[in-house]
Every structure is written in structure tokens, then in C-alpha cells.
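This briefing goes through a two-chain structure by topic. Please keep the sequence and the coordinates at hand.

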Amino acid sequence: MVAHNYVFIGLLLLFAVAFAAAPLLVVALVAPRKRSSTKDDVYECGVRTHGETWVRFRIQYYIYAIMFVVFDIETVFLYPWAVSYGGLGMFALVEMIVFLTMLGAGLAYAWAKGALRWA
Amino acid sequence: MQLVELNFQTWLRWALWLVVGFAVVFPGIVAYMVWLERKVAARFQDRIGPNRVGPLGLLQPIADAIKLITKENIVPRSADRVVHLLAPILVLTSAFLVMAVVPFGVGLVPVDLPSGLVYLIAVSSMSPLGIFLAGWSSRNKYSLLGAMRAVAQLVSYEVPQILATIPVVLWAGSLSLVTIFDRQLEFGWYVFSPPGLLAFATFLIAGVAEVNRTPFDLPEAESEIIAGYHTEYTGMRFGLFFLAEYLSVFGISCVTTVLFLGGGTPIPFLEFPVDLLGGSTASLALVNLILLAVFLLKVLFFIFVMFWIRATLPRMRVDRLMNFAWKYLVPLSILNVFFAGIWYEMVIRPGGLTFANWLRGTLVTGVLVVAAVYLTFLLNRKLVESKPIDADWPSVAPATESAR
């Protein structure tokens with residue numbers, strides 16, 4: 001029978017989950033369990049928690065996330081180019097320079113617009 | 001090698017990797033990394049470090065494990081219980097999966113995926129998700145702050161980290177870590193070229209940031225936000241985060257070694273004789289033993305460097321952290337892709353690594369790399385001077401005579 005190499009990745013995934021879950025099971029069996037209402041409070045320096053915790057995020061995080069997606073997608077184009085570069089030659093390098101220049105222009109635009117400012 | 005025959009031998013090899021490698025050796029290495037870090041940090045701070053449990057404190061990791069297992073597991077009343085349980089498992093799973101494609105020697109690799117590097121990036125970016133789930137599910141403001149910082153930081157440093165691998169892929173012509181390793185057996189370590197050195201530095205810095213270690217450990221900055229995303233984790237659940245962090249340090253050290261330092265090759269530019277003693281099983285075993293020993297020495301060096309950095313540098317401020325990723329590392333690594341292409345045209349395409357080629361390539365790309373680094377820093381400094389709001393947050397006016 002012939003199988004894909006990724007079968008091992010699947011096995012490893014199952015193994016890793018089991019490896020992480022096993023000590024938690026042992027904990028459930030051996031560790032003491034003494035509940036108290038003070039102990040179950042959230043740990044915020046001993047004072048009563050104030051206001052809602054699950055709040056809205058600042059927009060800055062979203063902007064960084066968008067920037068990340070842009071550059072992450074760019075690598076989708078970069079990896080195949082890099083792998084097959086040996087058979088493509090100078091023309092591919094020039095093409096990639098054009099592509100990366102546009103990308104760099106995007107970075108410069110975001111930078112100039114203050115999207116990279118953490119404040 | 002995409003397909004494998006599913007016979008007894010394959011199953012045996014996979015079972016050995018799982019039972020010996022992933023269940024015993026890697027956790028063992030991680031446990032003694034913790035011991036080593038405590039010893040090293042102690043030496044840096046003029047202390048002795050653990051020395052009570054066993055000779056030289058060598059049984060300390062075992063004592064720690066027993067302690068963690070017998071501790072009560074406390075989940076806050078208002079937390080999301082299911083997600084709170086899943087988060088550490090997810091983070092640890094991500095750390096384990098990274099190790100699956102690392103070639104420790106010739107043929108000594110769990111699996112050789114043709115798209116190994118993409119796989120590596122995909123599974124290592126699972127850990128921000130777990131960290132965020134941990135912080136969010138705890139329903140603690142400090143946890144949430146830590147988680148948000150963690151995601152912003154991990155996402156930002158992933159970009160230069162990915163871009164820094166492009167030169168390696170370009171030169172090796174493959175995404176498989178095994179092929180990248182094999183090419184360096186023939187052509188020397190990739191770190192010994194100016195673009196390779198720049199990529200190596202970028203990758204190492206971004207790697208330290210990816211595993212949340214000082215000076216980039218903002219997500220768990222204990223002086224400001226208690227313990228960040230794992231504030232509400234006790235006992236073994238905290239232990240899983242701890243294990244995952246050290247496993248990631250080991251993983252990133254292994255990956256750096258394979259990508260830039262030629263894996264286990266002992267000498268930089270010399271072709272390593274893989275068929276020492278005529279290619280018998282015994283010679284293969286000997287070769288692998290040498291490669292594995294050298295590999296682990298290099299990995300140990302990187303681990304020590306990370307401990308060293310932790311003992312030396314203070315924590316960065318969050319805005320400077322993000323600036324460093326986006327305004328220094330990203331532009332530099334984009335430029336570095338060009339330099340890597342020039343290196344390919346000057347050295348690798350015309351007949352590989354002769355000394356004349358190497359010297360010419362090093363001179364040309366060396367000038368370019370130094371100029372790029374210098375210009376990036378100069379440009380950033382000029383921009384900061386012209387627009388002070390970009391420099392510091394909160395923007396504090398310099399103390400003047402009248403203000404006093």
C-alpha cells in the first residue's frame with residue numbers, strides 16, 4: 001500500500017494532542033480540588049474586576065493584521081518564483097524587482113499614512 | 001519523496017520517531033534546557049542556580065514536573081472553560097509539529113516534505129492562535145492585553161522571518177529542508193555570503209521574537225501585565241505553555257541551523273564525505289553520528305545565545321518593537337531578495353563556488369548589503385527627526401528651561 005508522507009503529519013498531530021492531554025488527565029486524577037469563591041476570581045491584583053473584559057479592539061491591531069495579510073500573500077508569489085528561479089534567468093529577476101517595488105511602494109504608502117504608528 | 005510504501009519498515013520508522021523522538025528525546029531536551037537556562041542565568045547573575053535536587057540540581061526538571069502535576073487546576077469563574085482547556089494544547093501541538101521536517105542528519109528526518117518550509121511556516125503560525133485563545137478565554141484584562149500584544153508581535157515578526165527564508169529557497173531551488181541541507185553539503189553554508197548573513201541575522205531576530213523571548217517578551221511582561229496571556233493558568237496547563245515555549249526555542253534553533261549553518265556539516269566550505277568507509281550501514285551510522293553531534297552543538301550554541309540575550313538585554317517598548325519589525329526588518333529583507341538574486345547570478349549560476357566567484361560576489365553584494373543597512377537606519381533616523389511623533393509614544397517634549 002502506498003501512502004502520502006502527510007500521513008505521518010496526521011499521526012504526529014494526534015500524538016501531540018495526546019501528549020498534551022495526558023498530563024491534564026493525570027492532573028484531574030491526582031491534583032487536589034478545593035474550590036472557593038475567592039480562588040475562582042480572575043487574578044487582577046486582588047481588586048475586584050472593573051467593567052467588561054471582552055472589549056472591542058483598537059483599530060491599530062486590525063491595520064497591522066491587514067499589512068500582515070498583504071505580505072503573507074506576497075510570499076505565496078515569492079516562494080514559487082524562488083524555487084524555479086534557476087531555470088528562468090535574468091528576466092525573472094527583473095520581473096520580481098518590479099513586483100517587489102510595487103510592494104515596497106505599498107509599504108511606503110502605509111508608512112506615510114501613519115498606519116505603522118503605534119499610538 | 002512524496003509517496004512512501006506503507007509497509008512494516010515505514011510503520012516501524014514512524015513509530016520510532018514518535019515513541020523515541022517526540023515522546024522521549026525532545027521533551028527530555030526541553031526539560032534540560034530549562035535546567036540549563038536556570039544554571040546559565042544564575043551564572044550571569046552571580047548565583048549558583050538549582051543545586052538541591054540531585055547532583056548539580058540535575059533532577060530539578062523531574063521535581064518540577066511532579067510539582068506541576070500535583071498542583072490544583074484553577075479556572076476563573078467567568079472564563080470560557082472549553083477554550084481555556086484547548087489553548088495550551090493548541091500551542092504545544094504547534095511546537096511539536098514544527099519538529100517534523102527538521103533533518104538532523106543524512107536520512108535522519110521524520111518526514112521529507114517537498115514543501116517543508118511552507119509547512120513549517122503554516123504550523124508555526126498556529127501558536128499565535130492558541131496564545132490569543134488563552135488570553136481571550138481567561139477573561140482577565142491582563143491576559144487579554146498580553147494576548148493582543150502577542151498576536152500583533154507574532155504577526156509582525158512573521159513577515160521578516162518568511163522574507164528571510166527567500167534567499168535560502170532561491171539558492172537551493174527547493175522548499176524541502178532536506179534538499180536545502182543537501183545543497184549546503186555541496187556548496188557551503190549559506191550564512192557565508194553577505195545576503196545570507198543579512199537573512200540569517202533577520203531570521204534570528206525574528207525567531208527570538210516569534211518564541212516570545214527577551215527582549216521581545218512583551219506578551220508576558222511581568223512588570224506590567226502580571227504574566228500576560230497565561231496569567232490565569234496554573235499547574236500543568238501553565239506547564240504546557242512552558243514546555244511549548246522551550247520546545248519552540250529548540251525548534252527555531254534547529255531550523256536556523258538547517259537553513260543557514262548547513263545543518264550538521266562540521267566545516268563550512270568542504271564537501272562532507274557522506275560515503276565515508278564506502279557507504280556501508282556502519283559508515284552511514286558513523287556519518288550520522290558525527291552530523292548529529294555537530295548539529296546538536298550548533299543548536300546548543302543558539303539556545304545559549306538566546307539565554308545570553310535574555311540575561312543581557314532589557315525588554316523593548318511595544319511601539320519600538322513594532323517599528324523595528326516594519327520599518328527596519330521588512331524593508332531590509334525585501335531588499336535582500338534582490339541581493340540574493342545578484343548573488344545567484346554572480347556565484348551560483350556561473351559554475352558554483354569557486355574562490356574567484358565567491359570573492360567577486362562577496363565584494364559586490366557586501367557593498368550593497370552594508371549600504372542597505374546603513375541607509376535604512378539613516379532614513380529611519382531622519383524620519384524620526386523630521387516627525388517626532390513617529391519616534392516615541394507618548395510623544396514627550398524635551399525638557400526645556402521654561403518647562404522647569
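The model is predicted: local features need pLDDT of at least 70, side-chain atom pairs count only at pLDDT 80 or more, and totals for chains, interfaces and linings use all residues. Residues are numbered from 1 along each chain as its sequence is written, while chains are lettered from A and ligands numbered from 1 in the order in which they are written.

**Chain B overall**

- Chain B holds 13 helices and 1 strand, where helices (H or I, at least four residues) and strands (E, at least two) are DSSP runs numbered from the N terminus.
- The order along the sequence is β-α-α-α-α-α-α-α-α-α-α-α-α-α.
- Chain B has a radius of gyration of 23 Å, close to the 22 Å from the globule rule for 404 residues, so it is as compact as a globular protein of that length. The radius is taken over C-alpha atoms, and the rule is 2.2 Å times the number of residues to the power 0.38.
- Along the principal axes, the C-alpha atoms of chain B fill a box of roughly 70 × 60 × 45 Å.
- Of its 404 residues, 49% count as buried (20 or more other C-beta atoms within 10 Å of the residue's own; exposed means 12 or fewer, partly exposed in between, with C-beta atoms placed from the backbone).
- Among contacts in chain B between residues at least 6 apart in sequence, 78% join residues at least 24 apart; a contact requires C-beta atoms, placed from the backbone, within 7 Å.

**Interface with chain A**

- In the interface, 69 residues of chain B are in contact with 58 residues of chain A.
- On the chain B side, at least two residues each come from strand 1 (3–5), helix 1 (8–44), helix 3 (81–98), helix 6 (141–172), helix 10 (235–260) and helix 12 (318–348).
- Helix 6 of chain B gives the largest share of that side, 13 residues.
- By class, the chain B side has 45 nonpolar, 12 polar and 12 charged residues (Ala, Val, Leu, Ile, Met, Phe, Trp, Tyr, Cys and Pro are nonpolar, Asp, Glu, Lys and Arg charged, and the others, Gly among them, polar).

**Helix 1 of chain A against helix 3 of chain B**

- The axes of helix 1 (residues 6–30) of chain A and helix 3 of chain B come within 9 Å and cross at roughly 135°. Axes are lines fitted to C-alpha atoms, for helices over the stretch in contact, and angles run from 0 to 180 degrees between N-to-C directions.
- These two helices are therefore oblique to each other (under 35 degrees is roughly parallel, over 145 roughly antiparallel, 65 to 115 roughly perpendicular, the rest oblique).
- Residues that meet here include A:Leu12, A:Ala16 and A:Ala20 of helix 1 of chain A, and B:Ile89, B:Thr93 and B:Phe96 of helix 3 of chain B.
- The contact divides into 11 nonpolar, 1 polar and no charged residues.

**Helices 5 and 6 of chain B**

- Helix 5 (residues 126–138) and helix 6 of chain B have axes that come within 7 Å and cross at roughly 165°.
- Helix 5 and helix 6 of chain B are therefore roughly antiparallel.
- Their contact has 11 nonpolar, 4 polar and no charged residues.

**Positive phi in a loop**

- B:Asp46, not a glycine, has a positive phi of about 60° and sits in the loop between helix 1 and helix 2 (60–69) of chain B.
- B:Asp46 has 6 C-beta neighbours inside 10 Å and so counts as exposed.
- B:Leu56 lies in the loop between helix 1 and helix 2 of chain B, with a positive phi near 60°.
- With 13 C-beta neighbours inside 10 Å, B:Leu56 counts as partly exposed.

Methods. Two residues are in contact if their C-beta atoms, placed from the backbone, lie within 7 Å.
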